[in-house]
Amino acid sequence: MLSLLRTIWDVLLHTFHHRVTVQYPEQKAYLAPRYRGRIILSRDPDGGERCVGCYLCAAVCPVDCIALQATEDKNGRRFPEWFRINFSRCIFCGFCEDACPTYAIQLTPDVEMSEYHRQNMIYEKEHLLIDGPGKYPGYNYWRVCGVAIRGKDKAEAEHEAPVTDLHTLMP
Amino acid sequence: MTSFYPIAIIIGVLIVALSIASGLIWLERRLLALWQDRYGPNRVGPFGLLQVVADMIKIFTKEDWIPPFADKPVFVFAPAIIVVTVLMTFAVLPITPRIIVTNLNIGLLFFLAMSSLGVYSVVLAGWSSNNKYSLLGGVRAAAQMLSYEVFMGLSLMGVVVLTGSFDLSKIVEAQRKMWFVIPQFVGFVLFLIAGLAETRRLPFDLPEAESELVAGYHSEYSGMKFGMFFVGEYLGVTLISALIAVLFLGGWLGPCLPPIIWFFIKMFLFICFFILLRASLPRPRFDQLMSWGWKLMLPLALANILVTGAVVLAHR
């Protein structure tokens with residue numbers, strides 16, 4: 001009986017506690033820099049597209065929400081002709097970011113993606129591609145791996161460092 | 001003038017009672033939120049007050065579905081009973097000496113009779129729904145309300161003995177020297193508990209028991225029929241709070257402020273207390289509920305009458 005009265009009193013004291021609700025449109029919750037939100041395609045520091053159209057993100061995606069078509073430019077470098085993410089399917093698992101060999105596809109701390117029409121949840125390449133390098137400011141995939149284009153294999157140009165042979169690279 | 005005044009009072013009491021009952025939906029959600037460190041509805045209008053209007057529009061435009069397996073006439077009739085019986089009791093409630101629909105000399109008995117009739121609403125709703133959860137809720141409601149009604153009536157007898165009348169206005173007038181909450185503290189606590197059980201509010205919401213019985217007796221109800229149960233529950237809370245104020249806290253009596261303000265202050269104090277109980281107490285098991293009712297509350301109520309009667313006799 002006394003415990004009941006004490007419970008009532010303790011609950012009454014909550015009148016003076018601060019409220020934990022975040023008043024959403026006015027206040028926003030802190031999202032960590034590595035929060036898995038809206039997906040973007042980043043560019044390297046020189047302004048070129050990072051994506052090489054390897055299809056690994058589309059392959060790893062558990063809900064098959066990523067679709068793309070790779071093509072080659074006049075130098076023989078691969079890039080996506082079109083790149084489409086269906087955000088009404090996306091579960092924001094981040095597997096695509098893990099799979100991406102060039103850090104092109106990244107998840108950002110943005111969750112405000114509501115739409116009135118389902119069609120608008122489908123993001124094309126022009127919606128996905130941003131101007132900056134995202135989370136990896138200095139990283140340029142082609143500088144690290146070397147570039148093979150038509151008529152020139154990796155490390156065959158002047159002053160180009162030799163390619164590391166991964167098969168003999170042992171600890 | 002003389003013929004117009006009572007009609008104005010009737011309409012006024014009806015409108016005020018119904019708007020308080022619907023306003024309680026908002027108040028309860030805000031207060032529960034306050035005690036759970038949240039905000040509750042605060043978006044629609046100032047302080048979220050228009051939430052009530054939004055809810056009303058919603059509930060009026062909802063599909064009013066009657067299940068094909070239900071007993072239709074009873075199913076339709078049941079929700080009306082609870083609102084009618086509670087509103088009938090407001091007729092004998094003395095808000096101030098002037099604002100009272102009918103000054104019945106057996107007002108207290110009228111209230112007890114009407115609250116007994118209110119059980120039919122719940123039982124018939126549970127039975128006519130033809131659903132086992134509804135029926136269980138209805139049966140629970142019948143058992144709970146019958147056993148808590150017994151000592152609800154008895155807990156008030158102390159007040160009646162002290163006043164010497166069943167007239168609610170006379171009961172208030174008898175509290176000029178001292179509110180009955182002091183000499184009748186046991187009766188006050190018992191009536192509070194019984195009143196909670198009568199309105200089927202949270203520590204005693206076993207007829208609804210959403211974690212066990214879906215929604216108990218009103219599982220099958222939708223639209224405005226459900227709304228009637230909803231409004232009936234809040235009307236019941238308002239009524240019990242008003243009655244506690246009248247019977248134990250001196251109704252409209254109080255210094256400085258006008259009588260009607262005192263009445264509403266006391267009433268809202270108990271409405272808030274009812275909501276606080278909902279915020280803090282868990283639901284007991286059904287056998288616990290029954291054994292408290294019969295083995296603890298009833299003997300306490302009887303002992304209260306005995307002591308009160310003896311003291312009154314000794315003073316005479």
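Here are some notes on this predicted model, taking the chain A sheet first and then chain B.

1. **The sheet in chain A.** Chain A has an open sheet of three strands, in the order E2-E3-E5, and the pairing is antiparallel. E2 and E5 of chain A sit at the edges with a single partner strand each, so one side of each has no neighbour in the sheet. As a reminder, strands of a sheet pair through backbone hydrogen bonds, either parallel or antiparallel.

2. **The E2–E3 hairpin.** Strand E2 of chain A covers residues 66–72 and strand E3 of chain A covers residues 78–86; seven bridges hold the antiparallel pair. Five residues lie between E2(A) and E3(A) in this hairpin, and Gly76(A), in the turn, takes a positive phi of about 85 degrees.

3. **Tyr103(A), worth a look at the backbone.** Most residues other than glycine have a negative phi. Tyr103(A) is not a glycine, yet its phi is positive, at about 55 degrees. You will find Tyr103(A) in the loop that runs between helix H3 (95–99) and strand E4 (105–107) of chain A. Is Tyr103(A) partly exposed or buried? With 18 other C-beta atoms within 10 Å, Tyr103(A) is partly exposed, because a residue needs 20 or more to be buried.

4. **Asn130(B), a second case.** Asn130(B) is another non-glycine residue with a positive phi, near 60 degrees. Asn130(B) belongs to the loop between helix H4 (107–128) and helix H5 (132–163) of chain B. The count around Asn130(B) is 15 other C-beta atoms within 10 Å, so Asn130(B) is partly exposed.

5. **Chain B overall.** On secondary structure, chain B has ten helices and zero strands, which reads along the sequence as α-α-α-α-α-α-α-α-α-α. How does the radius of gyration of chain B agree with that of a compact globule? A compact globule of 316 residues would come out near 20 Å, and chain B has 20 Å, so the two agree. The C-alpha trace of chain B spans about 65 × 50 × 45 Å along its principal axes.

6. **Burial and contacts in chain B.** Of the 316 residues in chain B, 46% count as buried. Take the contacts in chain B with a separation of 6 or more: 78% of them join residues 24 or more positions apart.

7. **Helix H10 of chain B.** H10 of chain B takes in residues 286–315, and its 30 residues should span 44 Å at 1.5 Å a residue; the end C-alpha atoms are 42 Å apart, which agrees. There is a bend in H10(B), though, of about 35 degrees at Trp292(B). Which residues of H10(B) are buried? They are Leu289(B), Gly293(B), Met297(B), Ala301(B), Asn304(B) and Thr308(B). An α-helix has 3.6 residues a turn, so residues three or four places apart point the same way. The buried residues of H10(B) pack against H5 and helix H7 (185–199) of chain B.

Key
Residues numbered from 1 in each chain as written. Chains lettered and ligands numbered in written order. Predicted model: local features only at pLDDT ≥ 70, side-chain atom pairs only at ≥ 80, totals over all residues. Pairing = 2+ DSSP bridges. Helix = DSSP H or I, 4+ residues; strand = E, 2+ residues; numbered from the N terminus. Buried ≥ 20, exposed ≤ 12 C-beta atoms within 10 Å, placed from the backbone. Rg over C-alpha atoms; globule rule 2.2 N^0.38 Å. Contact = placed C-beta atoms within 7 Å. Expected span 1.5 Å × (residues − 1). Bend = angle between axes of the 7 residues up to and from the residue.
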